Amino acid sequence: MTIERIIRSMAGFFVLLSLALGVEESPLFASRWFLAFTAFVGLNLFQSGFTGFCPPEILLRKLGCKSGCGQ
């Protein structure tokens with residue numbers, strides 16, 4: 001699995017998890033403040049699209065994951 005796919009999977013998982021924990025109708029509801037984490041992930045994805053800077057990418061590269069075209 002490439003760095004790009006790992007990051008996309010992580011972002012998707014974090015968004016779904018934070019929605020499950022932040023929406024009152026969810027059986028996993030903990031606090032509405034988890035919706036702030038959803039916004040944080042979205043803002044990071046947005047800025048990464050423009051700047052190319054992604055902190056998880058740096059960490060994954062140091063852990064030895066390979067980079068690729070994401071396919």
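Predicted model: local features only at pLDDT ≥ 70, side-chain atom pairs only at ≥ 80, totals over all residues.
Residues are numbered from 1 along each chain as its sequence is written, and side-chain values use heavy atoms, with hydrogens and water left out.

The secondary structure comes to three helices and zero strands, where helices (H or I, at least four residues) and strands (E, at least two) are DSSP runs numbered from the N terminus. Read from the N terminus on, the elements follow the order α-α-α. The chain has a radius of gyration of 14 Å, well over the 11 Å that the globule rule gives for 71 residues, so it is more spread out than a compact globule; the radius is taken over C-alpha atoms, and the rule is 2.2 Å times the number of residues to the power 0.38. Along the principal axes, the C-alpha atoms fill a box of roughly 40 × 25 × 20 Å, and buried residues account for 20% of the 71 residues. Among contacts (heavy atoms within 4.5 Å) between residues at least 6 apart in sequence, 51% join residues at least 24 apart.

From here the text turns to the aromatic residues. A search of the whole structure finds four aromatic pairs, a pair being rings of Phe, Tyr or Trp (its six-membered ring) with centres within 6.5 Å, counted as stacked when the planes are under 30 degrees apart, edge-to-face when over 60, and tilted for the rest. In one of these, the rings of Phe 13 and Phe 14 have centres 5.9 Å apart and planes at 55 degrees, so the pair is tilted. Phe 14 also forms an edge-to-face pair with Phe 37, at 5.6 Å centre to centre and with 75 degrees between the planes. This second pair links distant parts of the chain, as Phe 14 belongs to helix H1 and Phe 37 to helix H2 (residues 34-51), 23 residues apart. Phe 13, Phe 14, Phe 37 and Phe 40 form one aromatic cluster; Phe 40 is placed in helix H2 and is partly exposed at 48%.

What does Ser 18 touch, not counting residues up to four places away in sequence? Its partners are Phe 34, Leu 35, Phe 37 and Thr 38, while Ser 18 itself is found in helix H1 (residues 3-22). Ser 18 is buried, with a relative accessible area of 1%. A polar contact of 2.5 Å joins its side chain to that of Thr 38, the term meaning a pair of N or O atoms within 3.5 Å, where within protein one must be able to donate a hydrogen and the other to accept it, and residues adjacent in sequence count only if both atoms are side-chain atoms. The side chain of Ser 18 also reaches the backbone oxygen of Val 15, at 3.1 Å.

Elsewhere in the chain, the largest nonpolar core is made up of five residues, Ile 3, Ile 6, Ile 7, Cys 54 and Leu 60. Helix H1 gives the most to this core, with three residues; such a core is a set of buried Ala, Val, Leu, Ile, Met, Phe, Trp, Tyr and Cys residues joined through side-chain atoms within 4.5 Å. Leaving aside neighbours within four places in sequence, Ile 6 is in contact with Met 1, Leu 60 and Cys 65. Glu 57, which lies in helix H3 (residues 55-62), touches Ile 3, Ile 7 and Gly 52, again without residues up to four places away. The C-alpha atoms of Glu 57 and Ile 6 are separated by 9.0 Å, although the two residues are 51 apart along the chain.

Leu 43 in helix H2 is exposed, with a relative accessible area of 58%. From C-alpha to C-alpha, Leu 43 and Ile 3 are 19 Å apart in space and 40 residues apart in sequence.

Key
Buried < 20%, exposed > 50% of the residue type's maximum accessible area, 1.4 Å probe, protein only.
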